[in-house]
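User: Could you walk me through a few spots in this model with me?

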Amino acid sequence: MLIRKNISLDDKYLKKLQPFLDANDGNLSAAVRDTIEIADTALTNHRSIDEAIRFLRENPAKEELSDTIKSGENIIINKTILEWLFRYTKGRLTDEELVNELINPFEISNMKDLEDYLNRIFKNNQWTIRTSIKCEDIQNPESALILLSNATINSREFFAQLIAHFLARWKQLDVDHIFRRANSTQISFKKNLSVSLNETMPGIRKHFGYLDIICKELDDNTEFWTQLMHTYNVERYNLVTLHRNQFETFAAGEVPNPTKILERLCKQSVNEMSLPDLLVYFKKMYLATQLVKNIELCLEPEKESVTIFHDFKNEKVIHSLVEYFSNIFRENGTPFVTSSYSSMIVFRFYEEHEHENSPGIYGMEEFTEPDFISGE
């Protein structure tokens with residue numbers, strides 16, 4: 001049965017029907033019939049028109065993704081395998097070519113473009129990640145806040161690094177802080193003009209490249225590091241790391257000065273460091289060398305101190321250890337006194353006017369009571 005009815009359509013709906021009109025040589029009735037067929041198909045698998053529209057908007061055409069697979073631009077990979085790759089490449093920096101592979105800078109002129117671009121790319125590749133960017137100046141932001149939601153924490157971490165590299169290269173923004181949750185990753189950025197475009201931003205290296213140096217060393221000297229780690233494991237880390245020249249000095253019965261090595265690691269002169277900074281670097285370095293068992297710091301102003309725990313028994317060795325560490329603190333120029341116990345050495349720092357009559361000699365007669373050595 002053919003039923004004729006009059007319908008009214010606004011111009012905006014006629015424009016949406018245009019592809020159907022073109023396909024049917026301008027026949028409006030045929031265009032409406034095609035539209036009804038598509039709507040009926042969409043509603044077969046969805047409970048409402050709104051749900052069907054939302055699904056069609058959020059999911060790319062399968063043909064588009066299929067074309068990129070056929071061309072070799074994309075491949076199909078098992079989700080579990082991909083998650084494993086994301087998890088075990090954490091801490092390593094990606095190459096700039098990989099960043100350019102995901103984000104085309106010629107399609108992005110401001111932060112709003114970047115947000116739209118990322119959401120489109122993630123949707124087209126079915127990554128299920130949603131990106132939100134907040135900043136006061138979309139053209140040249142001094143700071144920015146990026147929220148990555150959905151997907152897994154490891155996949156978000158991977159793409160967060162690529163975005164961070166892009167912002168560092170094109171907007172000179174560095175990672176200031178990362179807040180990770182089960183279903184979202186929030187990254188705050190701040191402008192950093194002190195780093196050249198060819199260098200990796202310190203925030204990126206800290207938050208995303210913390211294993212980069214280790215992995216490169218392992219790749220370049222696999223046999224050496226494998227054997228070294230095996231030895232440390234077998235000996236339960238009861239090994240000490242010393243510079244060759246320092247070992248030679250110790251073996252000759254003298255006490256070396258470790259200041260230059262510490263300065264090379266910190267890239268700063270000891271006498272230019274503030275006392276709290278020096279103590280923090282000191283702890284990091286000597287815990288890593290395994291020369292001592294543990295180090296505790298007090299960084300409270302005017303009460304700074306270092307407590308060093310060790311398990312050496314030889315009196316002469318302990319005496320040398322105290323003198324060895326004292327060389328560093330003397331170089332810094334802050335006066336100190338040292339108390340030595342059987343398994344503990346304490347350096348206490350004070351102002352010039354304090355301890356004016358501090359003893360200037362060092363003795364090892366008793367380990368149960370402290371002896372003093374002045375750092376003045």
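User: Is Thr307 buried or exposed?
Analyst: This is a predicted model, in which local features need pLDDT of at least 70 and side-chain atom pairs count only at pLDDT 80 or more, while totals for chains, interfaces and linings use all residues. Residues are numbered from 1 along each chain as its sequence is written, and side-chain values use heavy atoms, with hydrogens and water left out. Thr307 is buried, because its relative accessible area is 14% (buried is under 20%, exposed over 50%, partly exposed in between, with a 1.4 Å probe and protein chains only).

User: Which residues does Thr307 touch?
Analyst: Leaving aside residues up to four places away in sequence, Thr307 touches Asn294, Ile295, Glu296, Met344, Ile345 and Val346 (contact means heavy atoms within 4.5 Å).

User: Switching topic, at what angle do α13 and α14 cross?
Analyst: The axes of helix α13 (residues 259–266) and helix α14 (residues 275–288) cross at roughly 100° and come within 11 Å (axes are lines fitted to C-alpha atoms, for helices over the stretch in contact, with angles from 0 to 180 degrees between N-to-C directions; helices are DSSP runs of H or I, at least four residues, numbered from the N terminus). The two helices α13 and α14 are therefore roughly perpendicular to each other (65 to 115 degrees).

User: And which residues in α13 and α14 meet?
Analyst: Ile261, Leu262, Leu265 and Cys266 in α13 meet Leu278, Tyr281 and Met285 in α14.

User: Last one, what follows α1?
Analyst: Asp25 follows α1, and the phi of Asp25 is positive, near 55°.

Key. Angles under 35 degrees count as roughly parallel, over 145 as roughly antiparallel, 65 to 115 as roughly perpendicular and the rest as oblique.
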